[in-house]
Amino acid sequence: MQSGKERDLKREFIEFMMSADVLRFGDFTTKSGRQTPYFVNTGNYKTGRQLLELGRFYAAYVNEICGNDFTAMFGPAYKGIPLVSATAAALADKYGIDKPYFFNRKEVKDHGEGGSMVGYKPQDGDRIIIIEDVITAGTAVRETMPVLRAAANVNVTDMFISVDRCEVGAGSVKTAVCEVKEEFGINVRSIINVRDIYEYLSSDAKYGDVLARMKAYMDKYCNV
């Protein structure tokens with residue numbers, strides 16, 4: 001059962017995302033090809049203040065779960081890049097956890113230092129945590145892991161995201177989070193999930209239409 005403090009923090013984060021037009025309602029297509037009535041687009045964070053607050057939310061959760069017990073943070077291109085940067089800064093500023101971070105390029109650079117990685121150079125045996133935006137069907141994770149494994153023999157223990165959509169993978173009754181855990185051994189940690197969003201909207205009658213469509217979507221794709 002959630003404590004009052006946990007519920008307040010979740011509400012605060014939902015309102016923060018909505019105020020930044022990051023959590024949106026309408027008709028969207030996810031990366032997995034599903035038609036969804038809500039969408040989380042971290043690309044809509046546009047200001048320094050928003051990035052600062054976002055980094056603080058992530059840093060608080062990373063500190064709670066991992067503390068200082070990891071080597072570096074990885075942010076998958078492209079949306080993971082500002083997320084991992086903001087998290088690294090907030091961890092150092094608020095908790096004194098000054099850890100390296102790195103991210104990948106979509107295209108391998110063939111001049112200068114070359115390669116596909118920017119920032120920290122991972123080493124065999126490193127304990128890496130991933131900073132991402134959302135997880136829907138696990139598609140992004142399956143794209144990210146080969147990138148990390150090509151860089152070094154690292155141990156990816158945790159993945160921190162804004163929202164867990166709690167959706168089952170294609171052709172499966174298990175959620176993407178469960179599949180990622182089984183396939184890669186990664187614990188996916190979300191600040192909020194789809195049930196938190198649904199419960200938040202339920203407190204306001206103006207979201208009646210959105211709630212109906214969300215319920216239909218959750219009944220079809222989600223395991224909450």
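Helix 4 spans residues 139-151, and its buried residues are Ala-140, Val-141, Thr-144, Met-145 and Leu-148. Because these residues cover an arc of only 125° around the axis, they lie on the same side of helix 4. An α-helix has 3.6 residues a turn, so positions three or four places apart point the same way. On the face of helix 4 turned away from the buried side are the exposed residues Arg-149 and Ala-150.

## Confidence of the prediction

The average pLDDT of the protein is 89, and 93% of the residues score at least 70. Among the elements, strand 6 has the highest mean pLDDT, at 97, whereas strand 4 (residues 101-109) has the lowest, at 78.

Strand 3 pairs with strand 6 (residues 127-131) in the parallel sense, over 3 bridges. Within this pairing, Ala-72 stands opposite Ile-128 of strand 6, and Met-73 has Ile-129 as its bridge partner.

Strand 6 is mostly covered, with 4 of its 5 residues buried. Strand 6 also pairs in the parallel sense with strand 8 (residues 155-164), over 5 bridges. Arg-127 stands opposite Asn-155 in strand 8, and Ile-131 stands opposite Phe-160 in strand 8. Strand 8 is largely enclosed by the rest of the structure, because 9 of its 10 residues are buried.

## Packing of helices 2 and 3

Helix 2 (residues 48-65) packs against helix 3 (residues 80-95) at an angle of about 70°, and their axes are 7 Å apart. Angles from 65 to 115 degrees count as roughly perpendicular, and helix 2 and helix 3 are therefore roughly perpendicular to each other. Their crossing is right-handed.

## Loops on either side of strand 3

The loop between helix 2 and strand 3 contains Asp-69. The relative accessible area of Asp-69 is 48%, so this residue is partly exposed. Asp-69 and Ile-191 are 122 residues apart along the chain, and their C-alpha atoms are separated by 19 Å.

The loop between strand 3 and helix 3 contains Ala-77 and Tyr-78. A cis peptide bond, with omega of about 5°, joins Ala-77 and Tyr-78. Ala-77 is buried, because its relative accessible area is 13%. The C-alpha atoms of Ala-77 and Ser-19 are separated by 24 Å, and these two residues are 58 residues apart along the chain.

## Backbone angles in two further loops

Most residues other than glycine have a negative phi, and most peptide bonds are trans. Asp-21 is a residue other than glycine with a positive phi, near 60°. Asp-21 lies in the loop between helix 1 (4-19) and strand 1 (23-29). With a relative accessible area of 38%, Asp-21 is partly exposed.

Cys-166 also has a positive phi, of about 60°, although it is not a glycine. Cys-166 is found in the loop between strand 8 and helix 5 (176-184). The relative accessibility of Cys-166 is 7%, so this residue counts as buried.

How values were computed: Residues numbered from 1 in each chain as written. Predicted model: local features only at pLDDT ≥ 70, side-chain atom pairs only at ≥ 80, totals over all residues. Heavy atoms only, no water. Buried < 20%, exposed > 50% of the residue type's maximum accessible area, 1.4 Å probe, protein only. Helix = DSSP H or I, 4+ residues; strand = E, 2+ residues; numbered from the N terminus. Arc of directions from axis to C-beta. Pairing = 2+ DSSP bridges. pLDDT = per-residue confidence, 0-100. Axes fitted to C-alpha atoms, helices over the stretch in contact; angles between N-to-C directions. Parallel < 35°, antiparallel > 145°, perpendicular 65-115°, else oblique. Left-handed = near helix turned anticlockwise from the far one by under 90°.
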